[in-house]
Amino acid sequence: MQMQKQSLAPAPVLVVPAVNPAQGASGSVTKELYTKVKFPGRLVMLGCGSIGQGIIPMLLRHTSITPDQMKIVTADEAGKLVADQYHIEFVVEPLTPDNYGRVLKKHLLAGDFMLNLSVDVSYEDLIAWCQKLGILYLD
């Protein structure tokens, strides 16, 4: 069986003029494209690898949280430049089975939110600890 050669023509490119999302094409102000969720407490992110670095701007855009309500607790310097860019406190303090309760208690109170984006930290222990203290948890 002989295969026919196909020419691969470049795909057409669609050019769209840049428009401020808060302005329509006519220049009139339109409704925001997202809803801003109220965030009353503090947020502690565990870890700040690629996912953590990518979620910081989303949290700041789509919630009412401010950088002074956020803190990053991590085992290494990954993500420090992004945290500095957004003026978010960055704490390098690796969590171990012996110290996680003591370390996290310095940063979280009942009603606060822990976002676990770390690796090699037992989510089961963190969930139980958060539940006992009334801290919201997401992994």
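A residue counts as buried when its relative accessible area is under 20%, as exposed when that area is over 50%, and as partly exposed in between (1.4 Å probe, protein chains only). Strands (E, at least two residues) and helices (H or I, at least four) are DSSP runs, numbered from the N terminus.

This is a predicted model, where local features need pLDDT of at least 70, side-chain atom pairs count only at pLDDT 80 or more, and totals for chains, interfaces and linings use all residues. Residues are numbered from 1 along each chain as its sequence is written, and side-chain values use heavy atoms, with hydrogens and water left out.

**Exercise 1. The sheet**

Task: Work out in which order the five strands of the open sheet stand.

Solution: 
- Step 1. Start from E1 and E2, which run parallel and are joined by four bridges. Two strands pair if DSSP finds at least two bridges between them.
- Step 2. On from E2, four bridges join this strand to E3, again in parallel.
- Step 3. Go back to E1: four bridges link E1 to E4, and these two run parallel.
- Step 4. E4 in turn pairs with strand E5 (residues 136-138) over three bridges in the parallel sense.
- Step 5. Put together, the order is E3-E2-E1-E4-E5. The edge strands are E3 and E5, each of which pairs on one side only. Neighbouring strands are turned by 20° against each other on average, direction ignored; axes here are lines fitted to C-alpha atoms, for helices over the stretch in contact, and angles run from 0 to 180 degrees between N-to-C directions.

A background note: strands of a sheet pair through backbone hydrogen bonds, either parallel or antiparallel.

**Exercise 2. Strand E2 and Lys71**

Task: Decide whether the residues of E2 are buried or exposed, then describe the surroundings of Lys71.

Solution: 
- Step 1. Five of the five residues of E2 are buried, so this strand is largely enclosed by the rest of the structure.
- Step 2. In a regular strand the side chains alternate between the two faces of the sheet. Here Met70, Ile72 and Thr74 point one way, and Lys71 and Val73 the other.
- Step 3. Lys71 counts as buried because its relative accessibility is 16%. The bridge partner of Val44 in E2 is Lys71.
- Step 4. Leaving aside residues up to four places away in sequence, Lys71 touches Leu43, Val44, Met45, Ile88, Glu89, Val91 and His107. Contact means heavy atoms within 4.5 Å.
- Step 5. The side chains of Lys71 and His107 are also joined by a polar contact of 3.0 Å (a pair of N or O atoms within 3.5 Å; within protein, one must be able to donate a hydrogen and the other to accept it, and residues adjacent in sequence count only if both atoms are side-chain atoms).

**Exercise 3. Salt bridges**

Task: Count the salt bridges and look at what the one between Arg42 and Asp112 connects.

Solution: 
- Step 1. The structure holds four salt bridges, each a side-chain nitrogen of Lys or Arg within 4 Å of a carboxyl oxygen of Asp or Glu.
- Step 2. One of them joins Arg42 and Asp112 at 2.9 Å, N to O. Arg42 lies in the segment before strand E1 and Asp112 in the loop between helix H3 and strand E4, so this pair ties together parts that are 70 residues apart in sequence.
- Step 3. Compare the ends: Arg42 is partly exposed at 30%, whereas Asp112 is buried at 6%.
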